[in-house]
Amino acid sequence: MLFRRDKGFLVFIPYQHGIFSRLYTIIMATQDGSEEVIMETEAQAKEAEEQAGIADGHTDEGNATTQDSSISNGDDADDEQEMVDLKIIWNKIKYDLKIPVDSSGATLKERIHSLTGLPPAMQKVMYKGLLPEDKTLREIKVTNGAKIMVVGSTINDVLAVNTPKEVIQQEVKAEENKKEPLCRQKQHRKVLDKGKPEDIMASVKGVKERLPTVPLSGMFNKSGGKVRLTFKLEQDQLWLGTKERTEKVPMGSIKNVVSEPIEGHEDYYMVAFQLGPTEASQYWVYWVPAQFVDAIKDTVLGKWQYF
């Protein structure tokens, strides 16, 4: 309780924890010695309470000011993160990039996109190998000042390069279609004009068979001599045998296998084994039974590796 005397008035104020009650009593001493009791209204009590608050320095406005000062607007969130400075190198151009070390590879690609205009899907980002998108820079140990290599072309670059290339490919294909079949070319005609060998193996048109357990024999080579093909699977070798000698060729060294049916005798093929980097190294074999052509390609090149 709090008592105070002011100009002949004795004021009695109930007081709890700094908050005035809604109603308080003033005991006023009159001139004749009697006492007059006055009950203040709630509005008056509130006014007194506010005045007391001002005196103590605890107004609502002051409290609001104190509370607001402790609230962050979030603008300095990035400043609290650990950052790394990176050198982004793309197309011989260097870009400086500062990014949180806990950013993922995918986030880094987005930042690179904003710098270079290179879409993330067309980026190959290299840092000690291909940079994974699902790991953070911290996890892959990207350090301050690290150089990040970026490989890729923008969509406009791709269109600018590919459009002429497609036209060239179409022209080359059209030119190839104009070429006469291999069996009509002079270098092959001189062998084919000798006719089908008498001891050639029987052929079956429109059928695919596995290689026989015996060598394929009775065929001609480019010089018109007899040749036989022996497939030594356990040694991964193809033996090209003639009357003079046998050449043992590792199948892994054969770059390509080319085949074409012989015009007028479509149940037999002419087949070339490319032994070197250019077509000049092709070893031609004529009158190969049609049913074994696919099996030869599968065996030499591996299935699905030829066209």
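1. What is the mean pLDDT of the protein chain, and what share of its residues reach 70 or more? The mean is 76, and 64% of the residues reach 70 or more, pLDDT being the predictor's confidence in each residue, from 0 to 100. This is a predicted model, in which local features need pLDDT of at least 70 and side-chain atom pairs count only at pLDDT 80 or more, while totals for chains, interfaces and linings use all residues. Residues are numbered from 1 along each chain as its sequence is written, and side-chain values use heavy atoms, with hydrogens and water left out.

2. Where pLDDT is low, the predicted coordinates should not be read in detail.

3. An open sheet is formed by 7 strands in the order E14-E13-E12-E11-E17-E16-E15, with antiparallel pairing; two strands pair if DSSP finds at least two bridges between them. Strand E14 (246–250) and strand E15 (256–262) each have a single partner strand, so one side of each is left without a neighbour in the sheet.

4. Within this sheet, strand E11 (residues 216–221) pairs with strand E17 (residues 282–289) in the antiparallel sense over 2 bridges, and Phe220 stands opposite Tyr286 in E17.

Definitions and conventions
Helix = DSSP H or I, 4+ residues; strand = E, 2+ residues; numbered from the N terminus.
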